[in-house]
Amino acid sequence: MSTSSRVVAEFAANLQFEDIPAEVIRRCEDLLLDTLGSIYAGSTEPPVQKIAAFAAEQGPADGSAQLIPSGKKTSPYFAAMVNAAAAHMVEQDDLHNSSVFHPACVVFPPAIAIAQDIGASGKELLTACVVGYEVGIRVGEFLGRSHYKIFHTTATAGTIAAAVTVGRLLGLTTEQMQDALGSAGTQAAGLWEFLKTAADSKQLHTAKAAANGLMAASLAAKGFSGAEDIFEGEKGMGNAFSQAPRADKLVESFGERWALLETSFKYHASCRHTHPAADALWKVMQENDVKAEEVAEVKTFVHQAAIDVLGAVDKPQSVHQSKFSMGTVLGVLAYNGFAGLDEFEHALGDERIDAFRQKVSMTLDPDVDAAYPEKWVGKVKVTTTDGRKLDALVTDPKGDPGNTLSRNEIEAKIKRLVNYNNAGTEDDAEKIIAWTWNLEHGSSELPL
């Protein structure tokens, strides 16, 4: 009888481009472009630049893989590391709801790095990325809610996702892919404790997940063996990382259910747990013509994970930490009409937004919590300064599959991200847009 690891390895090693529905390929392109914008924007931030400096000290001064956005070359290992750190920096990368996992930042960077190293085609790159999404999402669902309470799923499931992505590009056999899973799983790590002090660990999480996954697959290609059942084994990931692992989720409907299609784009430049409430608040303000100054109190009704993640931040000490403060995010949106990167840059120290933050509370709501993580529901009750009691419910926040971004909206987002902190130019944005839309028929070498 096949173990779960074997089933996962068989899918990852054998998926062909022709097996993938066209709508999945199109959405994969959308997610890739979205991620390239995040990499540009994140590349200018100090935590990412420190990881890039480490890579420059330790790695080759030239190589086969591009650093984004500079286009400088290094080894695939360090390119994957730096680009993955950048992809997750500004809180604009995608999220899959039911796995509570950000696939893009740990799938696309190692995929691009290895594809450039081996001269893979666009089709081969897209196929590998679909593998990474399908496997990584299922691993996140397998580990479940108890895992996410302590561990950053993007760091743990992300290591597996990176490994199978690279493994597919390298043409690993089923046996080699199973070895890669074992080596990736034993390196999986990433804890939420950093949130309390606004530490830089979140960027280390994605950097190492991408690099460690790449290493695991590359070692497997050389015959390096890994644990045969890294998921359900007695001392495997399930028992180590979860109070209630869901083995059924791990191997659910490969080739029938395309989990990549369930992935959400980020509209607001903040932690995804803030988005449902932000959309619900905006709905109240728009439908009732309420100005930010007229808001006396906002009660948000949330799922437990929102409290676990956002509750660690009282008064934000940095721009990045402010994106994990429910009150700050709602204040940024209320005063600006949009909670984008530039709006957050100007929010820290703004007395109006600081005052708004103190009007916002979070309450665990049984119905909202029961719907999570399959549905991220936004529910708020707003009291105005003239005594009105207003409420709103949002079941599909902007960016969710049920309320997704169009390609025009994705392109507009990418242009904003590329221009952020002068990371790139409008011409750079146009080039990567054209490259992505033509990837199925083109090369994996970015036009940097």
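Analyst: Helices (H or I, at least four residues) and strands (E, at least two) are taken here as DSSP runs, numbered from the N terminus. The model to which these terms are applied is a predicted one.

User: Which strand gives the most to the lining of the second largest cavity?

Analyst: The second largest cavity holds about 50 Å³ of space, and its lining includes Thr300, Phe301 and Val302 as well as His273 and Lys379. At least two lining residues come from each of helix 12 (275–288), strand 5 (295–302) and strand 7 (378–384). With 3 residues, the element that gives the most is strand 5.

User: How many charged residues are in the lining of the second largest cavity?

Analyst: Among the residues that line this cavity are Pro276, Ala277, Met326 and Val377, together with His303 and Gly378. By class, 6 of the lining residues are nonpolar and 4 are polar, and the number that are charged is 1.

User: From which domains does the lining of the largest cavity draw at least three residues each?

Analyst: The structure holds 3 cavities of 30 Å³ or more, and in the largest of them lies about 90 Å³ of space. Its lining has 17 residues, with His102, Tyr148, Trp192, Cys271 and His273 nearest the centre, and by class it comprises 8 nonpolar, 5 polar and 4 charged residues. The domains that each supply at least three of the lining residues are domain 1 (4–266 + 408–441) and domain 2 (272–394).

User: Which elements give two or more residues to the lining of the largest pocket?

Analyst: The largest pocket has a volume of about 390 Å³ and is lined by 20 residues, of which Ala52, Ala56, Leu67, Ser70 and Lys72 lie nearest its centre. The elements that contribute two or more residues to that lining are helix 3 (46–58), strand 2 (73–74) and helix 4 (76–87).

User: How many residues in the lining of the largest pocket are nonpolar?

Analyst: Of the 20 residues that line the largest pocket, the polar class accounts for 5 and the charged class for 2. The count for the nonpolar class is 13.

User: How far apart are the end C-alpha atoms of residues 8–245?

Analyst: In an unreviewed entry, UniProt lists residues 8–245 as "domain: MmgE/PrpD N-terminal". In the predicted model, this span is 64% helix and 3% strand. The separation of its end C-alpha atoms is 16 Å.

How values were computed: Residues numbered from 1 in each chain as written. Predicted model: local features only at pLDDT ≥ 70, side-chain atom pairs only at ≥ 80, totals over all residues. Heavy atoms only, no water. 1 Å grid on protein atoms, 1.4 Å probe; cavity = no way out; pocket = protein on both sides within 12 Å on 5 of 7 lines; lining within 4 Å. Points joined across faces, edges and corners; volume = space filled by probe spheres on them. Nonpolar A, V, L, I, M, F, W, Y, C, P; charged D, E, K, R; others polar. UniProt positions renumbered as here; feature names shortened; annotations may be inferred. Domains from an automatic or database assignment.
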